[in-house]
Amino acid sequence: MNSTPHANRIHIAIFGKRNAGKSSLLNALTGQEVAIVSPVKGTTTDPVRKAMELLPLGPVLFIDTAGLDDEQELGQLRVQKSLQVLQSTDFALYVRDINEPEDEFYDLAKLNFKKFNVPYLTVINKIDTVSAESLEKMKEKEKTAFFVSSTADTHMAELKEELVKRIEDKKAEIPLVGDLLPYNSKVILVVPIDSEAPKGRIILPQVQLIRDCLDNGLKSYVVRDTELASALADMPDVDLVVTDSQAFKKVNQIVPPQIKLTSFSILLSRVKGDISVFLAGIKAIANLPEGAKILMAESCTHNHTHEDIGRVKIPRGLNKFTGKKFTYEFTTGKDFPTDLQGYDLVIHCASCMLNRKSMESRIKICQENNVPITNYGMLLAHLTGILDRAVEILR
Ligand SMILES: Nc1nc2c(ncn2[C@@H]2O[C@H](COP(=O)(O)OP(=O)(O)OP(=O)(O)O)[C@@H](O)[C@H]2O)c(=O)[nH]1
Ligand code: SF4
Ligand SMILES: [Mg+2]
């Protein structure tokens, strides 16, 4: 049961002031005496880890930490260690003692949760020690908190249920880039402003990437392809360059090999699709026979610039690249055929208008029909010969 490596487990860490009942909560959640509990403040000095299955979520790693209010010399080192745990935390529980309504360390923790984009739940503990009336008053005041008694095992099953629900909700939202780079990294976004760029705005994947950088504390700099070399000269220590797929070739020549490079659509492929399936789709191209039938699928009908990529650029580029002549058919909008008999490959758009579930369903249909599938971004990178570089950030 505990054979899953720690790195593959969802890390749930418990924070709070000394004596709030963090270790008691860990023991109650795991149903075992994992951490030492005592009325002496500062009992837990180093993080205590316990691997278990949290059903129906799967393998998790609970981590109990030292109190954040330890102000002695050694205590400061412990606090630092606790905050370090935060950097690998997928979900945090902040434990408060119901008898201590003021907790200045709560604000410090919230600041750090925000900084490292860690979702959290506040747990107010020791409800067995107050009257029903005070409990109600406190519930009125702390509407988003969860109220438990770790030692009396009150509401522990409900807390586990809530934890599972929150983590599952969070898992459903895969960040575009936020989990691929450490906090504070520098990202340059290359947005060519040519005749194909929409007037007065930037397109959705670009907006989404900027927002994702903001959410995750990554510093994003937006430039045109024409200013990229100058931006790199200003900022040689940039961690990642993300470009529009169409400018891949040019941008690839400008960005030095030590800097990672990818495209908006490749980042989107991970969120809206499955990178390994799309890479297998690219591999399948080498075995396509002359005259193979390829389905070009676009998720919306109203973007004529994409039409140009799907209807003209990719068919022309792919025929030239392989030296073969393929037959291309097109589907747009919500109609994706469930019967793919006769097709040898599906090439899908970046599906920015489609939710993850719809794209997963389309991938499933392809797999059921034994038809490989890839997408525009991957294919354009492949045709330019830089796919390996473009997916390196995702490995
Ligand atoms: N009555 C009551 N006592 C509790 C509860 N939870 C914890 N305690 C008591 O509070 C004291 C501190 O509990 P711990 O679990 O050791 O607290 P901690 O947050 O891990 O403390 P440190 O390791 O010192 O930071 C112990 O005496 C526990 O028995 C609870 O729900 N109700
Ligand atoms: S859904 Fe597809 S076709 Fe429509 S704008 Fe997004 S990538 Fe282009
Ligand atoms: Mg403890």
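Select the shell around ligand 1, which by class holds four nonpolar, 15 polar and five charged residues; Ala, Val, Leu, Ile, Met, Phe, Trp, Tyr, Cys and Pro count as nonpolar, Asp, Glu, Lys and Arg as charged, and the others, Gly among them, as polar. This is a predicted model, in which local features need pLDDT of at least 70 and side-chain atom pairs count only at pLDDT 80 or more, while totals for chains, interfaces and linings use all residues. Residues are numbered from 1 along each chain as its sequence is written, and chains are lettered from A and ligands numbered from 1 in the order in which they are written.

Of the 24 residues around ligand 1 (C-beta atom, placed from the backbone, within 6 Å), G21, S23, S24, T44 and G67 come nearest. Next select helix 1, residues 22–30, which gives the largest share of this shell, three residues; helices (H or I, at least four residues) and strands (E, at least two) are DSSP runs, numbered from the N terminus.

Move on to ligand 2, where 10 residues form the surroundings and S299, C300, C349, C352 and M353 are the closest. That shell divides into five nonpolar residues, four polar and one charged.

Now select the open sheet, whose four strands follow the order 12-11-13-14 with parallel pairing, two strands being paired if DSSP finds at least two bridges between them. Strand 12 (327–332) and strand 14 (373–375) stand at the edges with a single partner strand each, so one side of each has no neighbour in the sheet. Between strand 13 (residues 345–348) and strand 14 there are three bridges in the parallel sense, and V346 stands opposite I373 in strand 14.
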